[in-house]
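Let's walk through this structure together, one region at a time. Keep the viewer open and follow along.

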Amino acid sequence: MTDADDRPADGEPDPTTPAVPQGGRFPPAARWTLVFIVVMIAFIVAIWPRGGDDTTPMTGAPPSVSGQRPFDAPEDPERVAKARADAALPDCPVTGLPESPESVLKGIVEPCLGTGAPYDLGTATAGRPLVVNVWAQWCAPCKTELPYFEEFAAAAGDRVTVLALHAKEGGTNPFFPLTLLTEIGVQLPAVLDPDGRVAAAIQAPRVFPSTVFLRPDGTVAKVYPGVFDSPQEIAEKVDEYLGVKVAV
């Protein structure tokens, strides 16, 4: 028998019974700590960089804080001049052929990226098939694709004009696209489109990269919002849309 004096008084805990924390198995502080850890793990997984080259076209412009974007900052002439010297881009081409009144580029003048000089696209590209690759300096797939256009342009020679058009979504300061071209080692005639007039005229979508194929009379044959994986693929589309065969 148990001695009555050994039994706990009413309202006192029994020392022989294990204590159970109030509020369930875990105290509130432990539960909130667990929730915090789970949320942080989910956040890290979401922002962790994925491996491999991203060849998916990108739309719009990259997210940025409010205010002026760095690549829209006013030009530093000395800095831009050095970037132009490092990039060593060829001058923008001039066909010397008569311009068609039907050309969608008629009257559009924008800066040639390699020289900074005004470039009349309608007059300069007249009378010859034209391929315009639209890109932005922050676009990862563009970096992969631009060397293919350089290879295609070298193979096409004077039969097809190839221009790299840096879109306004990529910024208005030429230093950044010049630096990008130097980084990837591409020397392709390029034009800045700071106000978007060229992109609007050729019906280029806000998808980067995009390629627009124009006939010798300056009318649009095809708008291609996609990524090319080789110069051979570009040659195939030039044959299909412009009727010019180029061996690459």
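Pro209 is found in the loop between strand E7 (207-208) and strand E8 (210-214); helices here (H or I, at least four residues) and strands (E, at least two) are DSSP runs, numbered from the N terminus. The peptide bond from Phe208 to Pro209 is cis, with omega near 0°.

Before going further, a word on what you are looking at. This is a predicted model, in which local features need pLDDT of at least 70 and side-chain atom pairs count only at pLDDT 80 or more, while totals for chains, interfaces and linings use all residues. Residues are numbered from 1 along each chain as its sequence is written, and side-chain values use heavy atoms, with hydrogens and water left out.

Now for the overall picture. The protein chain has 7 helices and 9 strands. Of its 248 residues, 40% are buried, where buried means under 20% relative accessible area, exposed means over 50%, and partly exposed is in between (1.4 Å probe, protein chains only). Among the contacts in the protein chain with a separation of 6 or more, 76% are between residues 24 or more positions apart; contact means heavy atoms within 4.5 Å.

Let's turn to the helix pairs. The axes of helix H2 (residues 77-87) and helix H5 (residues 175-184) come within 9 Å and cross at roughly 25°. Axes are lines fitted to C-alpha atoms, for helices over the stretch in contact, and angles run from 0 to 180 degrees between N-to-C directions. H2 and H5 are therefore roughly parallel to each other, given that angles under 35 degrees count as roughly parallel, over 145 as roughly antiparallel, 65 to 115 as roughly perpendicular and the rest as oblique. The H2 and H5 crossing is left-handed: a crossing has that hand if the near helix is turned anticlockwise from the far one by less than a right angle, and is right-handed if clockwise. On the H2 side the contact is made by Arg79, Val80, Ala83, Arg84, Asp86 and Ala87, and on the H5 side by Phe175, Leu178, Thr179 and Thr182. Sorted by class, this contact of H2 with H5 has 5 nonpolar, 2 polar and 3 charged residues. Here Ala, Val, Leu, Ile, Met, Phe, Trp, Tyr, Cys and Pro count as nonpolar, Asp, Glu, Lys and Arg as charged, and the others, Gly among them, as polar.

Stay with H5 for a moment. Its buried residues are Phe175, Pro177, Leu178, Leu180 and Leu181. These buried residues of H5 pack against H2, E4, helix H4 (140-156), strand E5 (161-166) and strand E6 (190-192). After H5 comes Gly185, whose phi is positive, near 70°.

H4 also meets another helix. The axes of H4 and helix H7 (residues 231-242) come within 8 Å and cross at roughly 60°, and H4 and H7 are therefore oblique to each other. H4 passes H7 in a right-handed crossing. Tyr148, Phe149, Glu151 and Phe152 of H4 make the contact with Pro231, Ile234, Ala235 and Val238 of H7. By class, the contact of H4 with H7 has 7 nonpolar, no polar and 1 charged residues.

The loops deserve a visit too. Not counting residues up to four places away in sequence, Thr125 touches Thr95, Leu105, Tyr119, Leu130 and Leu163. A polar atom of the Thr125 side chain lies 2.6 Å from the backbone oxygen of Leu121.

Lys168 sits in the loop between E5 and H5 and counts as partly exposed, at 39% relative accessibility. Leaving aside neighbours within four places in sequence, Lys168 is in contact with Arg69, Asp193, Pro194, Asp195 and Gly196. Lys168 and Asp195 are 27 residues apart in sequence and 6.1 Å apart in space, C-alpha to C-alpha.

Finally, have a look at two backbone angles. Ala88, in the loop between H2 and strand E2 (109-111), has a positive phi of about 50° although it is not a glycine. Ala88 is partly exposed, with a relative accessible area of 41%. Gln203, in the loop between helix H6 (197-201) and E7, is not a glycine either, yet has a positive phi of about 65°. Gln203 is exposed, with a relative accessible area of 51%.

Technical notes. Polar contact = N/O pair within 3.5 Å; in protein donor to acceptor, adjacent residues only side chain to side chain.
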